[in-house]
Amino acid sequence: MKKSHILILAVIAAAIGILMTTSADVSQYVSFKEARELAAEGKNTKVHVVGRLPRSGQQIMGLEYNPTLDPNYFAFTLVDTNRIAQRVVYFNPKPQDFDKSEQVVITGAMRNDVFVADKILLKCPSKYVEKDIKGATASVN
């Protein structure tokens with residue numbers, strides 16, 4: 001075999017190895033019902049759940065965070081796209097602008113009756129209002 005053939009085979013083997021290791025980190029988007037079913041089957045795979053925070057006026061209901069007692073314990077209730085409410089625990093400080101967020105994506109797994117989140121991604125409201133955009137754009141005549 002030529003050296004170029006061996007080099008090409010080595011590159012292909014490395015590419016396959018990289019693809020195999022990165023595919024293990026991929027998680028799926030599910031509802032809380034599906035996350036419970038996965039946990040009941042004994043699968044502790046990480047999943048993504050999309051939801052909204054239940055509010056009473058401007059206040060988020062079910063929010064639990066006391067940084068003086070434990071700054072690395074943050075708990076809240078999240079309602080997924082199927083309108084199932086679930087208690088979520090995050091063992092890190094409360095993310096900045098959490099109170100302003102419209103939609104939340106959490107990554108983690110169910111543990112008993114609680115969803116333990118590893119990551120929290122926030123979708124905050126747009127800082128631009130449509131009428132402000134219209135007034136700020138230049139018109140071409």
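Biologist: Is Lys43 buried, partly exposed or exposed?

Modeller: This is a predicted model, with local features needing pLDDT of at least 70, side-chain atom pairs counting only at pLDDT 80 or more, and totals for chains, interfaces and linings using all residues. Residues are numbered from 1 along each chain as its sequence is written, and side-chain values use heavy atoms, without hydrogens and water. Buried means under 20% relative accessible area, exposed over 50%, and partly exposed in between, with a 1.4 Å probe and protein chains only. Lys43 has 43% relative accessibility, so Lys43 counts as partly exposed.

Biologist: Which residue forms a salt bridge with Lys43?

Modeller: A salt bridge needs a side-chain nitrogen of Lys or Arg within 4 Å of a carboxyl oxygen of Asp or Glu. Here the closest N and O atoms are 3.4 Å apart.

Biologist: How many residues apart are Glu64 and Arg87?

Modeller: Their salt bridge has its closest N and O atoms 2.8 Å apart. It links distant parts of the chain, from Glu64 in strand β5 (residues 64–65) to Arg87 in strand β7 (residues 85–90). Strands are DSSP runs of E, at least two residues, and helices are runs of H or I, at least four, numbered from the N terminus. The separation is 23 residues.

Biologist: Which strand holds Lys123, the partner of Glu102?

Modeller: The side chains of Glu102 and Lys123 meet in a salt bridge at 3.8 Å, N to O. Glu102 sits in the loop between β7 and β8 (103–111), so the pair ties together parts 21 residues apart in sequence. Lys123 is partly exposed at 45%. Its strand is β9 (residues 114–123).

Biologist: Is Val30 buried or exposed?

Modeller: Val30 lies in the loop between β1 (28–29) and α2 (32–40). Beyond neighbours within four places in sequence, Val30 is in contact (heavy atoms within 4.5 Å) with Ala35, Val47, His48 and Val49. Its relative accessible area is 12%, so Val30 is buried.

Biologist: What is the area of the nonpolar surface patch that includes Met20?

Modeller: Met20 is found in helix α1 (residues 3–23), and counts as exposed because its relative accessibility is 58%. Patch residues have over 30% relative accessible area and no salt bridge; like charges are joined within 9 Å, nonpolar side chains (Val, Leu, Ile, Met, Phe, Trp, Tyr) within 5 Å. Areas come from the Shrake-Rupley method with a 1.4 Å probe; for residues, only the protein chains shown count as cover. Ile8, Leu9, Ile12, Ile16 and Met20 make a patch of about 500 Å².
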